[in-house]
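Work through the exercises below with the model open. Try each task before reading its solution.

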Amino acid sequence: MEKRVFVAVLLSFGFLFFWAAALPRLFPSLVKEKPKAPVTARATTPRQTIPATSSEASASPAAAANIPAVSVATVPPESAESAREIVVDTPLYVARLSNRGAQLVSFALKNYGEKGGAAVELVRVRPAGNSDYPFSVEANDQAAARQLNEALYTSTDVQSGARRTIEFRYVGANGLGLTKTFVFNGEYQFDFAVEMLGRTIPFRVMMGPGIKTLRADEEESRFVITGNGLWQQQGSLKVFTREKTPELQVSEGKPDYVGVEDNYFLAVFKAVKASSGVIRSNTDTKKAKQVYAGLSSEGPIVSGQAYFGPKEATLLERYGLEKALQFGVFSFFARILLWALIKIYGVVGNYGWAIIVLTVIIKLLLYPLQHKSIVSMKKMQKLQPKVNALRDKYKKAKSDAEQRQKLNTEMMKLYQVEGVSPMGGCLPLLMQLPILWAFYGLLSHAIELRGAPFVGWIHDLSAKDPTFLLPILMTITTFIQQKMMPATGDAAQRRMFMFMPLVLGFIFKDFPSGLVLYWLVQNILTIAQQAIMNKYWDHDGTDRGGKHPLALGETQGAR
């Protein structure tokens, strides 16, 4: 039975490591809300294919050629003579729009910084000559798309109170043209409209690849989201990981929004006028796979709102994007923990100390279960000679199914008579795992904790400890805690358990330092609890005359 307990503990921590390292990337449907409405995949559709509008879908090829279009003669050519940028400077961000392609080439957040002090930039840096910045267009006619993305647009800029309207306009000599209108009001969300002029062809408005330019340490970290695709349709969210995104994924019907995300930031297009949405990856196998998102035209136009900003809960709720903030499988617990941390932070003024205070509160709440677990382990320790006697009686249980069945039956009868639960010692661990996972999701996605310092060398509770001091202390305290626990099982099993602290230390060395801090404080509190138990409880787990200051009504005297 002790072997099964040992295996259960190993599997629990193995699953924890697997979940943290691989699950968000390999199985995103398990850590994100599954869609209620199916999204139809068309992975075999070529990258350049644009979904037809409703009128085009019902027309024959011959009729499609007769779609009404504005006469070329009625739309005179119009373009700028030179390239220029328009800067939108607000208290929250600085946006830069280039008249080359009328695209967003920079969106720097003033209130969020990178290591080194630079503002967080939500537009990925492109190689020179690239023309696929946010609000670029794609079309079946690649030459037409290239013309619209590389042209120099004229611009008008009108300020009216807090509202700033910027319009770009271009018409080529072949009658192909666009207007792109952006309306800023100082908030992270702004309005946009892209309308085809002259020749009307199906097109889509795109953003990507990914979001942000990652630092070297972010590229190497297995805990950093490097640019997932987001798709919400009829209120149901679906997430496309960068590695698993197909060449082309087209929605059936207009989505609520499409976009890209990382751990803490989000860029989306919310659809007002659009026929469908699209999520796709780049098809250049020489480069790392990146996710693009976009909206397809409804007739000659795509319009809606764009949000470029932090994944802050109150902001996302204001703009109807709250489902984009996900904390993983135990999101419910994570939201409660975040609420508690923010409240405690308001008192102590430091998120590290807030984690410590919250850990103490959690320890007090779980104390009754942990107390019963330790008592159960002490009773198991006392019962060990009888367990060993049964195993000696049925030495052939491993190879003889009948003897194995008899051994299990007598074991369960013994546990029942003695009032011992063989799995009781695992209960606190199993109870803590959801909290541990919730803390991981919280520290990996709550922007409130991004860059939050603790003391000394801990400058970011959402990043790993650069000195590994916290994981080392956690390993040492885990070893001490294990030595103080009642010994069960044979000597070989106890020696195997001695490796557990080292395994945990290796797993936790790259975890967010705030998570390691939580586990370290839990260890210290458990050591204190065990010391009290050892002082006030007899070997069989019963209270010595009710003198224990934290007694929970255990029966007096030995069994």
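**Exercise 1.** In which strand does Glu261 lie? Then describe its burial and its side-chain contact.

*Solution.* Start with the ground rules. This is a predicted model: local features need pLDDT of at least 70, side-chain atom pairs count only at pLDDT 80 or more, and totals for chains, interfaces and linings use all residues. Residues are numbered from 1 along each chain as its sequence is written, and side-chain values use heavy atoms, with hydrogens and water left out.

Step 1: Glu261 belongs to strand E14, residues 257-261. Helices (H or I, at least four residues) and strands (E, at least two) are DSSP runs, numbered from the N terminus.

Step 2: The relative accessibility of Glu261 is 0%, so Glu261 is buried. Buried means under 20% relative accessible area, exposed over 50%, and partly exposed in between (1.4 Å probe, protein chains only).

Step 3: The side chain of Glu261 makes a polar contact of 2.7 Å with that of Lys311. Such a contact is a pair of N or O atoms within 3.5 Å; within protein, one must be able to donate a hydrogen and the other to accept it, and residues adjacent in sequence count only if both atoms are side-chain atoms.

**Exercise 2.** Which order do the five strands of the open sheet follow? Find its edges.

*Solution.* Step 1: The order is E5-E10-E17-E16-E13, with antiparallel pairing. Two strands pair if DSSP finds at least two bridges between them.

Step 1: E5 (136-138) and E13 (249-250) each have a single partner strand, so they are the edges, and one side of each lacks a neighbour in the sheet.

**Exercise 3.** Trace the pairing of E16, then decide: is E16 largely enclosed or left open?

*Solution.* Step 1: E16 (residues 276-281) and E17 (residues 291-296) are antiparallel partners, with six bridges. Ser276 faces Ser296 across the pair. Gly277 stands opposite Leu295.

Step 1: E13 also runs antiparallel to E16, joined by two bridges. Here Val250 is opposite Val278.

Step 2: Check both faces of E16. Ser276, Val278 and Arg280 are buried on one side, and Gly277, Ile279 and Ser281 are buried on the other.

Step 3: Six of the six residues of E16 are buried, so the rest of the structure largely encloses this strand.
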